[in-house]
Amino acid sequence: MATFPSPYKSHRCSFHPGRQDPYLRLGTVSVFVRDQDRSLRFFVEQLGFELAFDNLLPSGERWLAVSPPDGTAVLTLVAPKPDSEDYARIGRSAQITFLTENVVAKFEEWQARGVCFLEPPQVQAWGATSATLEDPDGNPFTLLSYEEMIWEIESQRRTHTERLEAENRAAREREFARSVQARLLPQAPPALNTLDCAGVCVQAREVGGDYYDFLDLGREHTGLVIGDISGKGTAAALLMANLQAHLRSQCPAYWSRPYTPFALGQPQRLLRSVNQLFHQNTAEGTYATLFFAEYDDTAKLLRYANCGHLPGVVLRRDGKLDRLESTCSVLGLFREWDCSVGERSLSPGDMVALYTDGITEARNDADEEFGESRLIEALEQNRHLPSQASLAAVLDTLWRFNPNRHQRDDVTLLFARCKEN
């Protein structure tokens, strides 16, 4: 059997990354008709085509086109004026062929809808099956199928099915990863006598690299942690889980020892150990910003190490703002690493806010940045609320600023409010 170039393949859009020549495909093929509305009903209602476009041109002429349910070819239905040369071409359209994998099935379907066929399906000498039909104006069309095209359609259908199955499987895996990562975050705030805590992480993708945690350090001490892993998506999520595992595994080793005041170096030793593990277990150039704080629930004392993270803020009851600036470099970049600590006393009504750059760098449709000033303004407006309610109000302010919620990065917040009583 002779080999013919496949028109079906020529109709497929190709965007292969290695392609260098300009994109090119068939635009429209004109069919001359007497009544555009009658022809439109024929193609849409009887042949199952779709309306491609129906526009009024500046000249006043109607630009009407239809397309088959599969493929990219478009038929323009042109109604020429009776005194034009094109009017004589009605009923004499160039050979236009409709390809199908089953001519007999289409013949029976269209004949039942009243389509006029000039001949029933016939097998051609070269193996193809064809049938000829006419539109209401007598324009002839050929319905055609042949073995090579059928094989190609079946191959494309299998490829499409496999791709859909792979996409669905990947979607299920991403959803599972999202639920697993959500379980890694605190499921409830710590029960403290003098501090009311709340945290939230809104990921830009199914999984992400932001992290917050509440760590039970014993002896009425609680760790407040927020971090941001370099990168995004699955890779960042794995690194986040790695960092969290190091922190949670190392904390008992340091705080189970006879108590050593924070200022004497206990958290520095912890963070040095975490940095060494993180550096050893990640690729070169990987790092994380981290804010680690120990809160003394009896003394209302917050001691912290800011490892290259955004400054935490303390909103005092009297309206003053206290920044908790960086005290050392990021984790993971350097094998030899050390940090220093800061210390703040909290009074009833004071609020501590820790956050990642996903909120301050969020942009609206006008490409305006939410920024630190809007965040602090939202904090001040809602500082009298419990931490969970204040957190929800600040998020609401962000979503009103960016109503379409176009997230470029994870948004993570951790609030801690010193109780009044």
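The side chains of R62 and D54 meet in a salt bridge, with 2.9 Å from N to O; a salt bridge here is a side-chain nitrogen of Lys or Arg within 4 Å of a carboxyl oxygen of Asp or Glu. The structure is a predicted model, in which local features need pLDDT of at least 70 and side-chain atom pairs count only at pLDDT 80 or more, while totals for chains, interfaces and linings use all residues. Residues are numbered from 1 along each chain as its sequence is written, and side-chain values use heavy atoms, with hydrogens and water left out.

Side chains of opposite charge can pair when their charged atoms come close. R62 also forms a salt bridge with D37, where the closest N and O atoms are 2.8 Å apart. This pair links distant parts of the chain, since D37 belongs to helix 2 (residues 36-46) and R62 to strand 3 (residues 62-67), 25 residues apart. Helices (H or I, at least four residues) and strands (E, at least two) are DSSP runs, numbered from the N terminus. R62 has a relative accessibility of 28% and therefore counts as partly exposed; buried means under 20% relative accessible area, exposed over 50%, and partly exposed in between, with a 1.4 Å probe and protein chains only. Its two partners are also partly exposed: D54 has a relative accessible area of 34%, and D37 has 36%.

By the salt-bridge rule, the count comes to 21. Another of these pairs is R363 with E369, whose closest N and O atoms are 3.6 Å apart. R363 is partly exposed because its relative accessible area is 25%, and E369 is partly exposed at 36%.

The protein chain contains nine helices and 19 strands. Its radius of gyration is 34 Å, well over the 22 Å that the globule rule gives for 421 residues, so the chain is more spread out than a compact globule. The radius of gyration is taken over C-alpha atoms, and the globule rule is 2.2 Å times the number of residues to the power 0.38. Along its principal axes, the C-alpha trace spans about 100 × 50 × 40 Å. Buried residues make up 44% of the 421 residues. Among contacts (heavy atoms within 4.5 Å) between residues at least 6 apart in sequence, 65% join residues at least 24 apart. The accessible surface of the chain comes to about 21900 Å², and 50% of it belongs to carbon and sulfur atoms; accessible areas come from the Shrake-Rupley method with a 1.4 Å probe, and for residues only the protein chains shown count as cover.

Not counting residues up to four places away in sequence, L290 touches V225, I226, G227, L243, L247, L271, A305, N306, C307, H309 and L331. T76 lies in strand 4 (residues 74-78) and counts as buried because its relative accessibility is 5%. With the same exclusion of residues up to four places away, T76 touches T28, V29, S30, V31, W63, L64 and A65.

On the surface, Y287, L333 and F334 form a nonpolar patch with about 260 Å² of accessible area together. Patches are made of residues with over 30% relative accessible area and no salt bridge; like charges are joined within 9 Å, and nonpolar side chains (Val, Leu, Ile, Met, Phe, Trp, Tyr) within 5 Å. F334 is placed in the loop between strand 16 (321-324) and strand 17 (342-345), and its relative accessibility of 44% makes F334 partly exposed.

Positive phi values occur in two loop residues other than glycine, K300 and D367. For K300, phi is near 55 degrees, and the residue lies in the loop between strand 13 (288-296) and strand 14 (301-307). K300 is partly exposed, with a relative accessible area of 25%. For D367, phi is near 65 degrees, and the loop in question runs between helix 7 (357-360) and helix 8 (371-382). D367 counts as partly exposed at 43% relative accessibility.
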